[in-house]
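Please examine the sequence and the model before reading each solution.

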Amino acid sequence: MIEFNDICKSYRVARRDSGFGNAVRSLFKREYNTINAINHISFSISDGEMVGYIGPNGAGKSTTIKILSGILTPDSGTCVVNGQVPWKDRKEYVRQIGVVFGQRSQLWWDIPVMDSFELLQAIYSIPAPRYRNKLDELTQLLHLEEILKTPTRQLSLGQRMRCEIAASLLHEPKLLFLDEPTIGLDAVSKIAVRDFIKKMNEEHKTTVILTTHDMQDIEAITRRVILIGRGQKLMDGTLEDLRLEAESLESENEGSESDIDHIIASLYAKLNIM
Amino acid sequence: MRKYYGFFKLRFATGLQYRMASVTALTTQLIWGLMECLAYKAIAEASGGNLPMNYSSIVTYIWLKEAFLVLFNTWAADNDLFAMIANGNIAYELCRPVSIYSMWFSRTTGARIAEVIMRCIPVLLCAFLMPKAYRMTLPVNSSSFLLFLLTLFLALGITVTFCMIVYMLCFFTISPQGWRMVLTGAVEFLSGNIIPLPFFPKKYLFLVELSPFAYMQNVPFRIYSGDLAGREIYQCILKQIFWLVTLMLLGIAVWKRAEKRIIIQGG
């Protein structure tokens, strides 16, 4: 279903030293650095799979998601999702995907959530009966009854995130990309979101790619984990593989911690990707 | 089509959410309009009526300008769109199965029409009830009123396609401020929003009329007040259509270039 092949993407970043003198100097002469956000990454994901995509901040996770959702055009490499190249015919392609960016909002700030949903219905041209059904299902699973009439600006983060996820699924996408969907949520909301994602996968065979820093998300949701760091793929396997890898790296270190966050942290440190 | 109507409806709802803003805006506009009338009255009296537009046309022009302000002002272009480009929320817009150009075009047009419906009625009502010297007049005849409506829509189209170019150019600079300041400042002056175009010196007027700016609010307002009449009207309509198409094609071309080099700011 997803073939991600040898993709590279770099950004150009203007940088300068601090201070007024340097600010003036940079008016005339800019120094640019090229940052390879992702560097020859390849993987393939089959239908109905749930994959955790992890790595430290700045590893290239979001860039990958943005390439997969057709927003960014990579510098080189090929990517085919369901027979389509994401960035080639963006308009057609995006009909089949749903995306949640945990740090951004797709809901209109000033108006009730319901109005935003109806706009999405119009944008995706969802027939009314299908929209009704889906909305009922999502309302029930994500407990939205109470909050659909509230303007977005007055929702708590947890409530908003539940609405964001619902908004991404109204058009019944086959693929769901979640970029840090549990960021900043409390325990109850996190569990609600995780259970919901699992249920979507079981019932609708939705393929899910999830990036997160919360290892419990990974433990709860995904079987397969792809670890990247500094733009390169470092591992692709189960969570158990990750654990073993960390232990082998850590063999010389006695009294290692068994908690998953520590395992990941030590793995990052050992692989020198922080 | 339905999706574009959706944007329109949504903006309308957003506009209705803030009632107080509409009330205060009305007050400002009335006072501003009255002040302008006073200024032109003083000029008219000092020059002994020897003005490039007659005084009652000017008064009507001023009130139309106030009533339809939100259709044509470019400085109040959709801030959400600029913010979206600057902070990276455009990411969501790009995962929708619609073209960004048509989505933003209908969104901007929708917002303007929705807002003007709420704003123009009270302003016009007050303008017709002003003391005689500052009162707005009815259109010269019914056909000029129809032509006024037609050119009003064309002028709105030109204004929005112009704003679209400004949005699209912001993809090439990190901050939208620069483009906005320069371009919207220029439009403000050149479209006759500060002083009506007939007051421009002939030499400069000729240059302005070569630009799209002369075909924004200038045309409908002057048709309404009878300052523009006869064959000149039809020439203006043709030029309006020309600019509408040209600016739209230009905007789409800029967008096509921007689309391939988009970066999403803010991680």
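**Exercise 1.** How many helices and how many strands does chain B have?

*Solution.* This is a predicted model, in which local features need pLDDT of at least 70 and side-chain atom pairs count only at pLDDT 80 or more, while totals for chains, interfaces and linings use all residues. Residues are numbered from 1 along each chain as its sequence is written, and chains are lettered from A and ligands numbered from 1 in the order in which they are written. Helices (H or I, at least four residues) and strands (E, at least two) are DSSP runs, numbered from the N terminus. Counting these runs gives 12 helices and 0 strands in chain B. The pattern along the sequence of chain B is accordingly α-α-α-α-α-α-α-α-α-α-α-α.

**Exercise 2.** Determine why the radius of gyration of chain B agrees with that of a compact globule.

*Solution.* The radius of gyration is taken over C-alpha atoms, and the globule rule is 2.2 Å times the number of residues to the power 0.38. For 267 residues the rule gives a value near 18 Å, and chain B has 19 Å, so the two agree. Next, the C-alpha trace of chain B spans about 65 × 40 × 35 Å along its principal axes. Finally, 40% of the 267 residues in chain B are buried (20 or more other C-beta atoms within 10 Å of the residue's own, with C-beta atoms placed from the backbone; exposed means 12 or fewer, partly exposed in between).

**Exercise 3.** Describe how strands E8 and E9 of chain A are joined.

*Solution.* Two strands pair if DSSP finds at least two bridges between them. Here 6 bridges join E8 (residues 224-229) to E9 (residues 232-238) of chain A, and the strands run antiparallel. Leu227(A) stands opposite Met235(A) in E9(A). The two strands form a hairpin with 2 residues between them, and Arg230(A) in the turn has a positive phi of about 45 degrees.
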